[in-house]
Amino acid sequence: MKQTAHIVHTGIITAIGNDTAACTAALHSGVSGIGHSVNLATRWRDELPVGAVQADNAELAELTGVPAHWPRTALLSAVAVQEAWQPFSDLAGTLRAGFFSANTVGGMDLTESFYARFMKDRDLTGLNAVCHHECGAITELVARHFGIGGFVTTISTACSSSANSIMMAAQMIRAGMLDVAVAGGADSLSLFTLNGFNSLMILDRQPCRPFDNDRQGLNLGEGAGYVTLMNERAMQQCGAQAICTVSGYANANDAYHQTASSPEGTGNILAMRGALATASLAPADIDYINLHGTGTANNDSSEGKAVTEVFGNSVPAVSSTKAYTGHTLGAAGGVEAVFSAISIRDGVVFPNLRWQRQMEDIDWQPVTTLRTGQDIRHVLSNSFGFGGNCSSLIFSKQG
């Protein structure tokens, strides 16, 4: 008998807040976190706006009690995991628990700092500064700190990373392999990602405008987002209440281009239709789509056409929340999973900030004002990454 993967708690840190309550307040008030880089020393500080978490590494470490010399991605992860997991941390030894964490940056911030010093002094020692460079090291640091050791894995599939970690966690709970899981991901800003995306010429010099006809690109962001998933047994044991369930999911790949989606959105279509099939839902059942919506010309056009293909003339309420947080890369699916859970819990649809002009190649437009008092039964959340790796998740109201 298949189990149900219930979301019972969330944890998040982004440019708009250091926990779920703060992020919720910002989403309701329309406060964007896009601005100048705070903690990343870059020549582009005044030219390329980003969604930066305001706390420095020492402040992040103080929030969780972890060492301040950890990579920033691990520090962000620890803050969000602490919020998501702390109410249930005593279950780690009594239930089968898993930790599914995604990232793409790893400990690159420390490697970049060490490399700059090493190029000036080739006799420099202290290679421990780069021992957490790889993505998996971030997951291991956080898992050990919180004592989650039953099943631990790292997923790194570009911008769909966190969505895939949530999908895998839900699959293992549904299959009866785990009772509880913390799933999502984290990523920090780094010089490599900022310079890399700038070299692709897809960064906006102004706060981004997803799905606007005059959009100029994306803003990079940083943060972490995790959900705690439980089966019925675990919920009964700890008295947890479900916010919603992970009812549908799918991963697809259109294999079109290393950094671009296919113009017609083939992978996007496959992912959305696959998620609907897994959830046994029809397109008309979806009440809100949290779009991937980065603000680049290719991404928004591709996703927009895919939405039209799947939903026809009955496109539900749609918006991209990256205009609030920036594109948090490997963390995006986790951050937006938290936002989707909030949408269901509070009955709200969040606005697509800064939208002004209808796109020429799609015939629908995003929601531009906060909608409250909505009966949100099913939310579709899209995460479409480099290399054509496309994932869609569906979150559904309990019962």
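Trainee: Which residues point one way from β6, and which point the other way?

Mentor: V180, V182, G184 and A186 point one way, while A181, A183, G185 and D187 point the other way. Every one of these residues is buried. Buried means under 20% relative accessible area, exposed means over 50%, and partly exposed lies in between (1.4 Å probe, protein chains only). β6 covers residues 180-187, and eight of its eight residues are buried. Before we go on: this is a predicted model, where local features need pLDDT of at least 70 and side-chain atom pairs count only at pLDDT 80 or more, while totals for chains, interfaces and linings use all residues. Residues are numbered from 1 along each chain as its sequence is written, and side-chain values use heavy atoms, with hydrogens and water left out.

Trainee: How should I read the names of strands and helices?

Mentor: Both are DSSP runs, numbered from the N terminus. Helices are H or I runs of at least four residues; strands are E runs of at least two.

Trainee: Which strands does β6 pair with, and in what sense?

Mentor: Start with the rule: two strands pair if DSSP finds at least two bridges between them. β4 (residues 97-102) runs parallel to β6, joined by six bridges. There, F99 is partnered with V182. β7 (residues 223-230) is antiparallel to β6, with eight bridges. On that side, A186 is partnered with A224, and G184 with Y226.

Trainee: In what order do the strands of the sheet stand?

Mentor: Ten strands make an open sheet, and the order is β5-β4-β6-β7-β1-β8-β12-β11-β9-β10. The pairing is mixed. On average, neighbouring strands are turned by 20 degrees against each other, direction ignored. For angles, axes are lines fitted to C-alpha atoms, for helices over the stretch in contact, and the values run from 0 to 180 degrees between N-to-C directions.

Trainee: Which helix lies across β1, β4, β6 and β7?

Mentor: That is α3 (residues 72-85). α3 runs at about 140 degrees to β1 (6-13).

Trainee: How do I check the span of a helix?

Mentor: Multiply 1.5 Å by one less than the number of residues. Take α12, residues 332-346: its 15 residues should span 21 Å, and the end C-alpha atoms are 21 Å apart, so the two agree. Since 13 of the 15 residues are buried, α12 is largely enclosed by the rest of the structure. After α12 comes G347, with a positive phi near 65 degrees.

Trainee: What is a nonpolar core?

Mentor: In soluble globular proteins, nonpolar side chains tend to be buried together. A core here is a set of buried Ala, Val, Leu, Ile, Met, Phe, Trp, Tyr and Cys residues joined through side-chain atoms within 4.5 Å. The largest has 45 residues, and L229, V246, F339 and F395 have the most contacts inside it. A second, separate core holds 37 residues, including A61, W85, V180 and M230.

Trainee: What is F339 in contact with?

Mentor: Contact means heavy atoms within 4.5 Å. Setting aside neighbours within four places in sequence, F339 touches I12, I16, C23, L27, N290, T321, T325 and F350.

Trainee: How many salt bridges does the structure hold?

Mentor: Eleven. A salt bridge is a side-chain nitrogen of Lys or Arg within 4 Å of a carboxyl oxygen of Asp or Glu. R96 and D179 form one, with their closest N and O atoms 2.9 Å apart. R96 sits in the loop between α3 and β4, and D179 in the loop between α6 (161-174) and β6, 83 residues apart.

Trainee: Are R96 and D179 buried or partly exposed?

Mentor: R96 is partly exposed at 39% relative accessible area. D179 is buried at 1%.

Trainee: Where do R357 and D214 lie?

Mentor: These two also form a salt bridge, at 3.0 Å between the closest N and O atoms. R357 is in the loop between α12 and β11 (378-384) and D214 in the loop between α7 (191-199) and β7, so the pair ties together parts 143 residues apart in sequence. R357 is partly exposed at 41%, and D214 is partly exposed at 30%.

Trainee: Which residue meets E336 in a salt bridge?

Mentor: K322, at 2.9 Å from N to O. E336 belongs to α12 and K322 to α11 (residues 322-325), 14 residues apart. E336 is buried at 2%, and K322 is buried at 1%. Salt bridges can also share partners: R96, D179 and R233 are joined that way into one network.
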